[in-house]
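Please keep the sequence and the structure in view while reading.

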Amino acid sequence: MSLPLIFIIAFSPGLFWLWLIYSRDKYRPEPRALVIRTFLLGIAISLPVVGFEYVLTYMYPGLRNVTLEDIKDISSAVYISFVVAGLTEEVAKYWVVRYTIYNSPYFDEPMDGIIYGSAAALGFASVENLGYALEYGWQIILLRGIFSCLGHVFFSGVWGYFLGWQKLKGSGSYWVVLLALLGSIALHGAFDFFLLANRGLELFTILLFFASGGLFLFLVSLAIKKSPYRDKVGSPLVG
């Protein structure tokens, strides 16, 4: 298969999910240009993160010449899942949203945090898709396009909602966002751990995926209800 076609296959799921999530922002949709920019920044931040994750992995005893499929001990699986993947990736995605769009006047409600958090997450996940497609073949996107892409969205949606909630409140509540970020790291780490532990825990990955998806949908519903623009639909200032 040609390289351009692999690129299209790898990035198509992320763009599809981004469009679907964006369509839920019905009271005051974010500027498409800013959403796409955040998606592209998610792509950009993934490149240094991959290098940093390699360094973190190399620093851990026993992991220097071991592939993910060969991980046997619990401590290595915990380190890879919660530190190398969960901590590094969620902080990177959070950084993109917090320091590139948070101060924008367009970012002013909980749904905005979910939209931009999802955009950064899907940009990041799309690069991961490309890497796996190049290494294992395009068919792997049939699974990753659902579970990995949406997993990134579900995890980032937790801190995304509360980051938007913090902006709406206007001050304080930083500890709530920190707790939400830690929760995202824990969910992300647990998801990867159940896959890497090689102890028959894969079923828990599926259960966690659907539980995280339920939490994400709940937060989207809550964000829509808490939108300050909910009762202003039709106003010339809202659009």
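A surface patch is made of residues with over 30% relative accessible area and no salt bridge, and nonpolar side chains are joined into one patch within 5 Å. The model examined here is a predicted one.

**A nonpolar patch**

Met1, Leu5, Ile8, Trp138 and Leu142 make a nonpolar surface patch of about 510 Å². One of these residues, Leu142, is found in helix H5, which covers residues 141-144. Is leucine 142 buried or exposed? A residue counts as exposed when its relative accessible area is over 50%. Leucine 142 has a relative accessibility of 58%, and it therefore counts as exposed.

**Salt bridges**

How many salt bridges does the count come to? A salt bridge requires a side-chain nitrogen of Lys or Arg within 4 Å of a carboxyl oxygen of Asp or Glu. By this rule, the count comes to three salt bridges.

| Arginine 28 | Aspartate 108 | 3.3 Å |

Arginine 28 and aspartate 108 are joined by a salt bridge between their side chains. Aspartate 108 lies in the loop between helix H3 (74-100) and helix H4 (110-136), and arginine 28 in the loop between helix H1 (3-22) and helix H2 (32-59), so the pair ties together parts that are 80 residues apart in sequence. Burial is defined as a relative accessible area under 20%. Aspartate 108 counts as buried because its relative accessibility is 15%, and arginine 28 counts as buried because its value is 16%.

Lysine 93 and glutamate 90 are both buried.

Arginine 144 counts as buried because its relative accessibility is 12%.

**Packing of two helices**

Helix H6 (residues 147-169) packs with helix H8 (residues 202-225) at an angle of about 45°, and their axes are 9 Å apart. H6 and H8 are therefore oblique to each other. Their crossing is left-handed.

Terms used:
Residues numbered from 1 in each chain as written. Predicted model: local features only at pLDDT ≥ 70, side-chain atom pairs only at ≥ 80, totals over all residues. Heavy atoms only, no water. Patch = residues over 30% accessible without salt bridge, like charges linked within 9 Å, V, L, I, M, F, W, Y side chains within 5 Å. Areas by Shrake-Rupley, 256 points an atom, 1.4 Å probe, with all protein chains shown as cover. Helix = DSSP H or I, 4+ residues; strand = E, 2+ residues; numbered from the N terminus. Buried < 20%, exposed > 50% of the residue type's maximum accessible area, 1.4 Å probe, protein only. Axes fitted to C-alpha atoms, helices over the stretch in contact; angles between N-to-C directions. Parallel < 35°, antiparallel > 145°, perpendicular 65-115°, else oblique. Left-handed = near helix turned anticlockwise from the far one by under 90°.
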